[in-house]
Amino acid sequence: MVSRTNWSSRPSSSKAYEISKSPPSEVNSHRPSSPRQEELLELAYAHILVHGLTDLSLRPLAAAIGSSPRVLLFLFKSKEDLLRALLERARRDELAAIESIRRDQGVLNLRQVALSVWEWLSDPVHRDLLSLWVETYARSLVQPDGLWAEFASRTVYDWLDLFASYQSPARRRSRSGEAERTATLALLRGAMLDLLATGEVARVTGAVTSQLPTLIRVK
């Protein structure tokens, strides 16, 4: 399983790079504590997948999901805690995507896992989720403290850890291996943004598949 560390203290040197095996549930400190809370969280999550988090307020959200602001505040304590739970819910989907790719028996090396990631990113089914990730990623950059803190950096390291697990131990700990997985992530993230903006799957996929062999060394 991918690393779940304190990102502010994460080692910058590739020589110290390690992959842990902690389960994803360990990061979900805001998981619902009751069936009703779980139900409303899922409904709220479905709502923000379509409408985003911009100008989210409790009254319209409650009306949209068949609840009331009072109930939401009772179950989630505050709007900030509800938003935090929604961010954790989005990250659960990210970790689930990573694990589904990791379980793919046909993925044997970094180039293959990068292609598998791109297939997932370019699937229209995931467009709303990716748009939410981009919105939250951007908020994490411009509002680095509080609610959005470290969302962007956690996302980066989640995917880098996946890529590292498909490099040999020696390659993983080398500077060239670190550069390889960083460049791979940069290519896929940039292509994802292009695809979300234009919807031009063939053009962007062609760029990804033509550039991956130049970035990733496969013996």
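## Residue E42 in helix α1

In this predicted model, E42 lies within helix α1, which covers residues 35-51. The relative accessible area of E42 is 27%, and because buried is a word kept for values under 20% and exposed for values over 50%, E42 is described as partly exposed.

Leaving aside residues up to four places away in sequence, E42 touches R89 and R92.

## How α1 meets α4

The axes of α1 and α4 come within 10 Å and cross at roughly 75°, which means that α1 is roughly perpendicular to α4. On the α1 side the contact is formed by E38, L41, E42, A44, Y45 and I48, and these meet A85, L86, R89, A90, R92 and D93 in α4. Sorted by type, the residues of this contact are seven nonpolar and five charged, with no polar ones.

The buried residues of α6 are L129, L130, L132, W133, E135, T136, R139 and S140. In an α-helix there are 3.6 residues a turn, so residues three or four places apart point the same way. What covers the buried residues of α6 includes α1, together with α4 (79-102), α5 (110-121), α7 (151-164) and α9 (175-198).

How values were computed:
Residues are numbered from 1 along each chain as its sequence is written. This is a predicted model: local features need pLDDT of at least 70, side-chain atom pairs count only at pLDDT 80 or more; totals for chains, interfaces and linings use all residues. Side-chain values use heavy atoms; hydrogens and water are left out. Helices (H or I, at least four residues) and strands (E, at least two) are DSSP runs, numbered from the N terminus. Buried means under 20% relative accessible area, exposed over 50%, partly exposed in between (1.4 Å probe, protein chains only). Contact means heavy atoms within 4.5 Å. Axes are lines fitted to C-alpha atoms, for helices over the stretch in contact, and angles run from 0 to 180 degrees between N-to-C directions. Angles under 35 degrees count as roughly parallel, over 145 as roughly antiparallel, 65 to 115 as roughly perpendicular and the rest as oblique. Ala, Val, Leu, Ile, Met, Phe, Trp, Tyr, Cys and Pro count as nonpolar, Asp, Glu, Lys and Arg as charged, and the others, Gly among them, as polar.
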